[in-house]
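Please open the model in your viewer and keep the selection tool at hand. The tour below goes from stop to stop, saying what to select and what is there.

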Amino acid sequence: MKRMTYLSIAILLNLILAQSAWAGTVSGAVKFTGTAPESTAINMDADPTCLVAHADPVYADDVVVNGNGTLKNVFVYVKSGLEGQTFPPAAGTVTMDQNGCQYNPHVFGVQLGQDVEIMNSDPTLHNVHSMSKQSKEFNLGMPIQGMKIKRKFDKPEVMVRFKCDVHPWMGAYAGVLTHPFFSVSNDTGSFELKDLPAGTYEIEAWHEKYGTQTQSITVDAAGTQTTDFTFAG
Amino acid sequence: MRPERKPRILRLPANFSNAVQKSDTGRGQPWLYRFSLLVTVATLFLILAGGLVTSHEAGLAVPDWPQSYGQWMPPMVGNVFWEHSHRMIAGTVGILTLILAFWVQWRETRRGVRRLAWVALGAVILQALLGGLTVLLLLPAPVSIFHACLAQTFFCLLIALTYFLSGTAPIVFEDTAALKSLQRFAGMTTGFVYLQLILGATVRHTGHAVTPHIIVAFLVLLHILFLVLKVSHVCPSTSRMPKVGASLGMMVLVQFFLGIGSFVFTRMLESNYAPRMGEVIFTAAHQTFGAMILGTTFFIVLRAYHHE
């Protein structure tokens with residue numbers, strides 16, 4: 001009996017390790033070529049609370065070119081190749097905060113059925129207007145500092161735009177997907193799609209101003225594939 | 001053979017002049033007339049306020065209705081200022097219209113004028129409900145367009161009511177054929193202006209119908225310029241109508257350039273994180289001038305049918 005138990009545990013462990021051994025990673029950077037557009041300083045005079053929240057000028061975040069010549073806030077995800085596979089929603093909550101009269105993060109990904117928690121960290125009122133075309137659109141008042149609201153999306157959509165109708169410079173984008181294989185390029189322009197099963201996929205990079213680009217990539221079991229995207233200004 | 005009669009709704013009273021002048025209301029109740037004029041001017045101001053809401057993209061800055069963020073007076077920050085100001089002005093116009101309607105019932109003897117006052121009150125109540133619906137249903141285009149067009153219609157109702165309360169003497173026309181031509185042409189022009197307003201509201205709230213709006217703009221421009229000529233030719237100078245016509249001509253020329261400015265800011269310049277000041281000014285002024293042009297052409301129709 002003891003021998004059977006140890007054997008079962010060993011087989012189970014092997015299966016778990018083997019599954020992760022069959023998963024690959026796609027990583028890379030989103031590069032930017034050409035002249036970076038001149039950043040527009042945001043005029044926050046319309047709300048004194050927003051004005052005092054920043055000691056330095058705040059610039060529009062639609063195009064953020066990093067110091068190393070890469071592009072931030074590019075949503076990279078698996079567009080096709082996962083058909084027929086189902087993935088449970090991630091356990092955690094994705095948080096979008098209204099802080100200093102700006103959305104943080106500006107671009108993010110979320111799975112179907114996963115909670116998006118929207119917070120108001122500002123001592124002023126905001127409204128959160130989700131302009132989704134596939135899921136039900138909503139427009140919610142958040143007048144109190146510390147207020148939190150949770151919402152879920154029930155249909156995939158790339159991308160859902162969020163705006164604050166009170167503060168017109170505020171905007172964010174959410175990629176709503178059926179699977180967890182997405183990433184947003186960071187301050188160094190890099191992205192990473194982890195634990196991808198072996199196979200051939202179409203990977204798409206989306207930017208709010210420069211549009212989309214796609215690449216086909218084949219992922220080996222337990223391997224890392226590197227690919228870069230380049231957007232021109 | 002009996003002459004064919006127009007449908008009842010299109011028939012003005014056989015003796016329209018008597019119907020307007022029968023009562024001494026205008027001369028005997030100058031304060032009622034002045035109050036009606038005040039409500040009419042306040043309505044034009046309300047139309048401008050509504051235009052500023054759309055131009056600032058503030059239509060959903062207050063997500064609840066009739067209160068604003070659960071209060072009757074929210075913090076007037078950001079675009080809440082434009083949206084809530086519009087609601088306050090609308091509430092004021094609603095109350096003024098209510099007072100006007102009851103005042104007319106109290107002091108006015110002509111049944112048609114009393115009914116018109118009730119119709120105006122019904123229109124402003126409907127307009128308030130439409131405003132609430134646009135917010136609660138997240139700005140569906142048909143509701144927003146209807147809200148915009150009803151505003152203009154309500155404005156015309158008030159112009160008519162104010163005119164009937166003014167006690168203005170009818171115009172004496174010597175050339176009956178020319179008068180009938182003026183009546184038809186003024187009516188047609190008003191119809192085209194109203195069509196242009198519907199198209200303008202469609203452009204504002206859907207982004208579509210820009211080409212038809214531009215085409216009809218040229219049609220309206222020509223029609224109004226011909227109308228100005230007709231008014232100066234047909235109406236005696238003592239009626240002041242040639243001056244009204246000249247004002248209309250100036251307005252439509254200004255409107256044409258406001259339309260060009262609106263097009264440049266909304267269609268040709270690269271979009272900004274928020275509407276530029278120039279875009280707000282041109283589009284809101286373009287909308288308001290549209291209301292003034294409609295009101296003036298409608299006034300010309302009223303005067304053309306009020307004759308001896």
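Begin by selecting A:Phe108, A:Phe138, A:Phe153 and A:Phe162, which ring pairs link into a cluster; rings of Phe, Tyr and Trp (its six-membered ring) pair if their centres lie within 6.5 Å, and planes under 30 degrees apart count as stacked, over 60 as edge-to-face and the rest as tilted. Before going further, note that this is a predicted model, in which local features need pLDDT of at least 70 and side-chain atom pairs count only at pLDDT 80 or more, while totals for chains, interfaces and linings use all residues. Residues are numbered from 1 along each chain as its sequence is written, chains are lettered from A and ligands numbered from 1 in the order in which they are written, and side-chain values use heavy atoms, with hydrogens and water left out.

Over all chains, the structure holds 17 aromatic pairs. Keep A:Phe153 and A:Phe162 selected: their ring centres are 6.2 Å apart and their planes stand at 85°, so this pair is edge-to-face. Both A:Phe153 and A:Phe162 are buried, a word used for under 20% relative accessible area, with exposed for over 50% and partly exposed for in between (1.4 Å probe, protein chains only).

Next, select A:Phe191 and A:Phe229, an aromatic pair that is tilted, with 6.0 Å centre to centre and 50° between the planes. A:Phe191 belongs to strand β13 (residues 190-197) of chain A and A:Phe229 to strand β17 (residues 229-232) of chain A, so the pair ties together parts that are 38 residues apart in sequence; strands (E, at least two residues) are DSSP runs, numbered from the N terminus. A:Phe191 counts as buried at 4% relative accessibility, and A:Phe229 is buried as well, with a relative accessible area of 0%.

Now show both chains together. The contact (heavy atoms within 4.5 Å) takes 24 residues from chain A and 15 residues from chain B. How many salt bridges are counted between chain A and chain B? The count is one salt bridge, meaning a side-chain nitrogen of Lys or Arg within 4 Å of a carboxyl oxygen of Asp or Glu. To see it, select B:Glu270 and A:Lys209, whose closest N and O atoms are 2.6 Å apart.

Finally, colour β7 (126-130) and β8 (138-142) of chain A, the elements that give two or more residues to the side of chain A that touches chain B. The largest share of that side, five residues, comes from β8(A).

Definitions and conventions:
Helix = DSSP H or I, 4+ residues; strand = E, 2+ residues; numbered from the N terminus.
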